[in-house]
Structures are given as C-alpha cells and as structure tokens.
Amino acid sequence: MRIVGIDLGTTNSLIAYMDGKTPRVIAGRGGRAMVPSVVAMTDNGLIVGDPAKEHLVRNPARTVYSVKRFMGKGLADVADELKYFPYTLSEQGGVIRIKVGEKTYSPPQISAMILKELKQRAEAVLHEDISKAVITVPAYFNDSQRQATKDAGMIAGLDVVRIINEPTAASLAYGLQQHTQGTIAVYDLGGGTFDISILKLKDGIFEVLSTNGNTHLGGDDFDHVLAEVILKDVRAKHGLSLEKYDEAMQAVRLEAERTKIRLSDEQTATAVIELPDATGTYRKDFSRDQLEALTVELVERTLGPCRQALKDAGLQPSDIDEVVLVGGSTRMPLVRRRVQELFGKAPHSELNPDEVVALGAAVQAGILSGDTQDMLLLDVTPLSMGIETMGGVMSTLVRRNTTIPSSAKEMFTTYVDGQTGVDIHILQGERELVKDNRSLARFRLKMPPLPAGVPRIEVTFLIDANGILNVTARDMRTSQSQSIEVKPSYGLSDEEVEQMIGDSFKFAAEDITARKLIEARLDGGALIAATEKSLTQGGHLIATDEIAAIRAALAALAAAKDGTDPRAIRARMADVEQSAHHLTATLMDDSLKQALQNKKLSDFQ
C-alpha cells in the first residue's frame, strides 16, 4: 500500500509521494502546493487552508492558526503568547482546548482537520485511498508533542507508520545519500520552530550525530517584531491602539508577514493597513537594513544551538561537508549570511525550502514501503531518560543522542526490609538529581515482602522509531510486571529546552558532588543498619572491648553521615568494616556450624 509523506507545519502543511524514484509534492486545484495550517468555523461549517486564511481577517475569533505551537502543551507553556491569538483557550485534563464557535477542540483535533485536507488532496490526485503516512516533527519535539502528532493522524484516519525529524527528512530530499560519505548540518528555521541536526552519511546510512534547537522560535517571531513596530507607529501617528480590534490585529500580523517576505527579494517594501472605524490608511516604508536590525537578535538565537550541536557531535565547523537550509524563513539574506559565516561554506538552497521536508518525508515513506531499498535511516533521542533511585538521584538508562529505536535494561533492588512495592519514577533531563530533571510518569510495581537487597527488579526502557518511550518493570523472582507508555500532558517550555542541556554543563561539578554525598549517606546508613543487626545476632560471640570499638566506629560514622563530606563518610565506613571484621567472620562461622548441625539432625531422623 502507498505511504505518503506529510510536513505538518506551523504555518503551512504539505503532502508528497514517491513517483518512481522521485519525490513529488501534491498541489491543489490552483497549483498551490502549500496548505495554510489554518482552520475556521463558518456558518456553513469548518473550512481549512487558503479559504480559512482569508477568513482570518474577517472573523479572527473563529479562526485557528499556529496550532502546532500548542501540540502536547498546557496553558502555562504558552502564557506569554496568548496576546497574539484572538481565539479563546482553556485547559482540560492538562491539555489545551481551543474554542471555535460554540465548540472546543484539542490541538490534535485541529491538526487532524489539516491532515484530512491533505489526505483528500492526495486521494483526488492519486485516485486511490490513502491510509498510511510518515509525518515530520521538529527534532526537539518531546514525547508529549510526538504523541499528540500521532493522535492527530489517528483522528484524521491515517496510520502514522513513522514520525521523523524535519531536518532528517530534509537531508533525504536533497539526495545526499548519493554521496558516499560526509557530515551534514541541516539548519531548519520554519514558521514556529528552529532545529539544527548534524548527520553523518556513510555507505548509504544516515546517522543523526546530534540535534538541538528551540521549539519556540520561528518565522512567526520575526513577524511579531515587525508587527510591534507597526502597532507602536500607529499609536504615535494616529493615536489608535489596534490591540483593541481583533480584525485589525490580524491585518497587522499578515501585513508584517508580507513585508518580511518582500524584503527577502527587494531592498524596500511598504506596509499598508486600513485602520478600523474608517479612520484612514496607515503606510510605512521598511528597508531590508531596518528589518535586519530588528531581527538580528532572533537570528543570533539560532546560532547558539548550532554551536552546541557541533560540540555534542565532537566536531568543529570546518568538519561539516554540507550545509542544508530548510524552512521559508531561511530565504532571508541575513539568515543565509550568518549561517555561511558560522559554518564557513555556502549552504544548499537549490530546493524550495518550504517543500524540502515534505519531499524528504516521501523518501522515508518509500523506504518503509519497500520501494527504496538502498538507504537506512538512523535517528536519535534528544534528551537522556532514566528513573529515580534512593536519595533523589537519577539513574540514566538512555543517554542523550542515543540512536533510536533503542532499548536499555538495568537491575535494581530495595533499600528497606519488607517492601511490598517499588515506585518507578521516570525522568528526562541531563542533571544528576531528580529535582533538577523533568518528571515524565510514575507507576508502582507490587512485590512480596523480602529483606532489603534481595529483590531483583529489572527496568526496561524501549524507545520506538517515533521517539515514544515505553517502560516496563519486572520482579525477576515472581515474573510480575508493570508497564507504561509515557504520554505526558505537558511539553517542555522553551526556557526548559534551552536550560536543560546548558545546566548539565554549568552545574556538572556541583551535581556530581551532590550525588556522591547522597550515595555515601545511603551506603553509610545501610552499613550502620547491617552492623547493628550483626551486633544483635552475634554480640554474645565476641569480647566486650570489640563491641565497644564497633560502637565507637558506628557513632563516628553516624556523625560523619550528617556532614557534607562524602570522603569523610567513606573513611568512617572503612573504620566500621575494619572494627566489625572479626564479628562478621564469627557470625559466618556460627552460621556454618548451625547449618551442619541441622544437616546431621536431618540425616539422623
């Protein structure tokens, strides 16, 4: 069965297919390939795409755009941007709800309407039912956002056979697999997100060495900067606050976008806006230099993730063989100049940057359908994942930039006698301590009560090709198990995305010291408990002065354990082990004698 490739974008969406060995974008009746990612409620029902975008100025409160920004997020994640969206948002069960007319919809439901439009377009052109698709997402989309994308596909009647990163798809579209080997940087600045991926190509195999980016930076932000200038200028010249007029605000946003686009090809452009209440027409001339001065900070914010991605891959800019530009915002001359300066080489821009991701998705669809058999694509997980262990420490099972699909197993045990269950707390992040990482999910595994250290609990992390995590905990003695597919309600805020990796470097020494202290305290506490138990069982077998020495060593360890020096704790632990050495040996001898006596009695009987 045919599998199509879909670029579900913040601003525009596209659908493509493999025509033999060539990927092709499917255009609509007017020859326009892009479907604006806009949904509107009219008196005659819901409309999608270009008609909905036209409806945006006439009735913005009943029109939804940039829904991709809300996928897998809660209201708190997008609080700073609400002023730009005229429609009403609420939250239900940790998921944003968007009011359109009298009904409310989740972001996956709105996205499904866009996917249905693309599906119908493909069916009309290809004259067959379309039920399977590869959908692209930004490389920095987390589990929640990826799952929301899969949900949107399901609602639209599509089996999403693979979710792949947009930069990864772009490398396929450029046919870079025809090169024998090389290292490729894919710079993707779209409508709402920025991604950078460093890929290694060898013998037809693409491997993503590292990814980075910002889930909240894109062409929309460039539009907002221009729109703010226009709004301030209208207040100064006409005494009007356009923020009070929903229709005027949308007109400003669209005119800012048109002006930005014109300035990519021309040196000057004029923004023209009809003011509300028949108060006249506003005009303002912009030059390319003005636009670049206004947006240079935004462009610079894309270069930090580029440098970090190079560092993560262990590379210098000079090690990059090819640079690929993706996303409509890369048409801006300033963007192209800064990317060329950073990497030291002219970037590829031969393909239409708006279409390149959809074309790459179609190539991936061809690989999955078996039509293309000379390529293999490997992807990576962008952040480390693990579980909480005793003392609030994170034990990492899957490291950041691990190739996926991937699985990892680790064995754990209990710290307390008689535990009837263990809590599995799943985490995501780069720090040593639980409190500094992001909580993904929790579940409890029940087990029979046993002494501390006896149970063997195997925890398995399985990350599928879409980057979705499944965690299983299994009691090795009883074979009882518990599983969970991680579908967190909230996504990461852009601040968290930027800070998580940076903080792991910034606080590395501090984190390791804190972890060593926690582990030393835990080990010290366990040794005190075990030694006290040994004294209770065998104190009568050793001399009084030995007991006094052990008690003194235990007191010194207890005092050190309350301190902040892990080396001092370890030193006092060594003292306890040395003073209790004879007690331990005596207890072992006594246990062996008891076992032999019991055996003789058993044999006699």
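Which strands and helices do the buried residues of H8 pack against?

## Helix H8 and its surroundings

The buried residues of helix H8 pack against strand E13 (181-189), strand E14 (194-202), H6, H7 and strand E18 (322-326), where contact means heavy atoms within 4.5 Å. This is a predicted model, in which local features need pLDDT of at least 70 and side-chain atom pairs count only at pLDDT 80 or more, while totals for chains, interfaces and linings use all residues. Residues are numbered from 1 along each chain as its sequence is written, and side-chain values use heavy atoms, with hydrogens and water left out.

Helices (H or I, at least four residues) and strands (E, at least two) are DSSP runs, numbered from the N terminus. The residues of H8 that are buried are Pro333, Leu334, Val335, Arg338, Val339, Leu342 and Phe343; buried means under 20% relative accessible area, exposed means over 50%, and partly exposed lies in between (1.4 Å probe, protein chains only). After H8 comes Gly344, which has a positive phi near 75 degrees.

Glu292 is buried, with a relative accessible area of 12%, whereas Arg337 is partly exposed, at 38%.

Another salt bridge is formed by Arg338 and Glu341, whose closest N and O atoms are 2.5 Å apart. These two residues are three residues apart in helix H8, so about one helical turn separates them. Arg338 is buried, with a relative accessible area of 18%, while Glu341 is exposed, at 52%.

Axes are lines fitted to C-alpha atoms, for helices over the stretch in contact, and angles run from 0 to 180 degrees between N-to-C directions. The axes of helix H5 (residues 219-238) and helix H6 (residues 246-265) come within 8 Å and cross at roughly 115 degrees. H5 and H6 are therefore roughly perpendicular to each other, as angles under 35 degrees count as roughly parallel, over 145 as roughly antiparallel, 65 to 115 as roughly perpendicular and the rest as oblique. Residues that make the contact include Phe222 and Leu226 of H5 and Met249 and Val252 of H6. By class, the residues of this contact divide into eight nonpolar, two polar and three charged; Ala, Val, Leu, Ile, Met, Phe, Trp, Tyr, Cys and Pro count as nonpolar, Asp, Glu, Lys and Arg as charged, and the others, Gly among them, as polar.

The axes of helix H12 (residues 544-561) and helix H13 (residues 566-579) come within 9 Å and cross at roughly 165 degrees, which makes H12 roughly antiparallel to H13. Among the residues in contact are Ala549, Ile550 and Leu557 of H12 and Ile569, Arg572 and Val576 of H13. The contact of H12 with H13 has 11 nonpolar, one polar and three charged residues.

Key:
Salt bridge = Lys/Arg side-chain N within 4 Å of Asp/Glu carboxyl O.
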